[in-house]
Amino acid sequence: MGKVSVGLSMSLDGFIAGPNDGPDSPLGDGGERLFAWYSAGDTDYEMPGTEMVFRISPQSAELLREVDRTMGAFVTGRRTFDIANGWGGRPPLGVPTFVVTHTVPQEWVYEGSPFTFVTEGVEDAVEQARAVAGEKDVAVGAASIAQQCIRAGLLDEVHINLVPVLLGGGVRLFEHLGITPIELESTRVVEAPGVTHLGFKVLRED
Ligand SMILES: NC(=O)c1ccc[n+]([C@@H]2O[C@H](COP(=O)([O-])OP(=O)(O)OC[C@H]3O[C@@H](n4cnc5c(N)ncnc54)[C@H](OP(=O)(O)O)[C@@H]3O)[C@@H](O)[C@H]2O)c1
């Protein structure tokens, strides 16, 4: 079975979006800085399943290509889905995407839709994503979903694209986790222009 991992771009003070995020400002005030590394190099990286092409460093491209090869399904939250307007029907990497929500947007339910709307919570979404991903990994996006996965003991790896900026506010990734320390083992540090790619394994007692 594949791993469950979260991979997000985060400011040094821990935010994955600035304040006032919404459809008109997907990453909030100042938050576009978190994605500046996607155009900080001269290596083309075409995101599978989409029409997006980034110009990134060779180091970052190698990491993203590894994600392409290993990711089999994606679990995200309804705010990210709405803010991205469902990525125009073409989710990142083109993999089956499970959106955790309280209400199903019927306009996105159609034959061949890449989206499955899960109203029974994060554990159910991860279980469905795992079944579809098979031997491949499940990527978890958005803060609230990652937090719930950590609390439920579902997360195997944390990948942070650490951006040298202090946003001062917005959507914080690591909060609502309780007060019991969660041990991590550092597995990767890759310096690239505008970003440091950090990898960690979540250590569990099971
Ligand atoms: N920096 C990066 O790499 C990166 C990547 C992705 C996203 N982002 C940003 O992250 C922000 C969104 O993250 P977020 O944490 O605020 O929101 P989110 O996780 O995308 O969505 C939260 C919403 O999902 C639904 N939900 C969550 N848990 C649920 C549960 N257990 N049962 C039912 N529904 C549940 C609820 O929506 P309903 O009640 O409406 O259904 C909840 O309000 C955006 O600004 C986005 O642009 C940043």
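Gly-153 is partly exposed, with a relative accessible area of 33%; here buried means under 20%, exposed over 50%, and partly exposed in between, using a 1.4 Å probe and protein chains only. This glycine sits in the loop between helix H4 (143-151) and E9, where helices (H or I, at least four residues) and strands (E, at least two) are DSSP runs numbered from the N terminus. Its C-alpha atom is separated by 9.9 Å from that of Ile-182, a residue 29 positions away along the chain.

A word on the ground rules: this is a predicted model, in which local features need pLDDT of at least 70 and side-chain atom pairs count only at pLDDT 80 or more, while totals for chains, interfaces and linings use all residues. Residues are numbered from 1 along each chain as its sequence is written, and side-chain values use heavy atoms, with hydrogens and water left out.

**The sheet**

- Eight strands form an open sheet with mixed pairing, in the order E7-E6-E5-E8-E1-E9-E12-E11; two strands pair if DSSP finds at least two bridges between them.
- Strand E7 (115-118) and strand E11 (184-192) are at the edges with a single partner strand each, so one side of each has no neighbour in the sheet.
- On average, neighbouring strands of this sheet are turned by 20 degrees against each other, direction ignored; axes are lines fitted to C-alpha atoms, for helices over the stretch in contact, and angles run from 0 to 180 degrees between N-to-C directions.
- Strand E5 (residues 71-77) and strand E6 (residues 97-100) run parallel and are joined by 4 bridges.
- Gly-77 has Val-100 in E6 as its bridge partner.
- Helix H1 (residues 58-70) lies across E5, strand E8 (137-140), E11 and strand E12 (195-202), and runs at about 130 degrees to E11; contact means heavy atoms within 4.5 Å.

**Salt bridges**

- The structure holds 7 salt bridges, each defined as a side-chain nitrogen of Lys or Arg within 4 Å of a carboxyl oxygen of Asp or Glu.
- One of them joins the side chains of Lys-3 and Glu-157 at 3.3 Å, N to O. Lys-3 lies in the segment before strand E1 (4-11) and Glu-157 in strand E9 (residues 157-163), so this pair ties together parts that are 154 residues apart in sequence. Lys-3 is partly exposed at 35% relative accessible area, whereas Glu-157 counts as buried at 18%.
- Another links the side chains of Arg-90 and Glu-51 at 3.2 Å, N to O. Arg-90 is in the loop between helix H2 (78-83) and E6, and Glu-51, 39 residues apart from it, is in the loop between strand E3 (43-46) and strand E4 (53-56). Arg-90 counts as partly exposed at 38% relative accessibility, while Glu-51 counts as exposed at 70%.
- Glu-66 and Arg-188 also meet through their side chains, at 3.2 Å, N to O. Glu-66 is partly exposed at 33% relative accessibility, and Arg-188 is partly exposed with a relative accessible area of 24%.

**Backbone angles to look at**

- Most residues other than glycine have a negative phi.
- Asn-20, not a glycine, has a positive phi near 65 degrees. Asn-20 is placed in the loop between strand E2 (15-17) and E3 and counts as exposed at 59% relative accessibility.
- His-176 is not a glycine either, yet has a positive phi of about 55 degrees. His-176 belongs to the loop between strand E10 (171-172) and E11, and at 53% relative accessibility counts as exposed.
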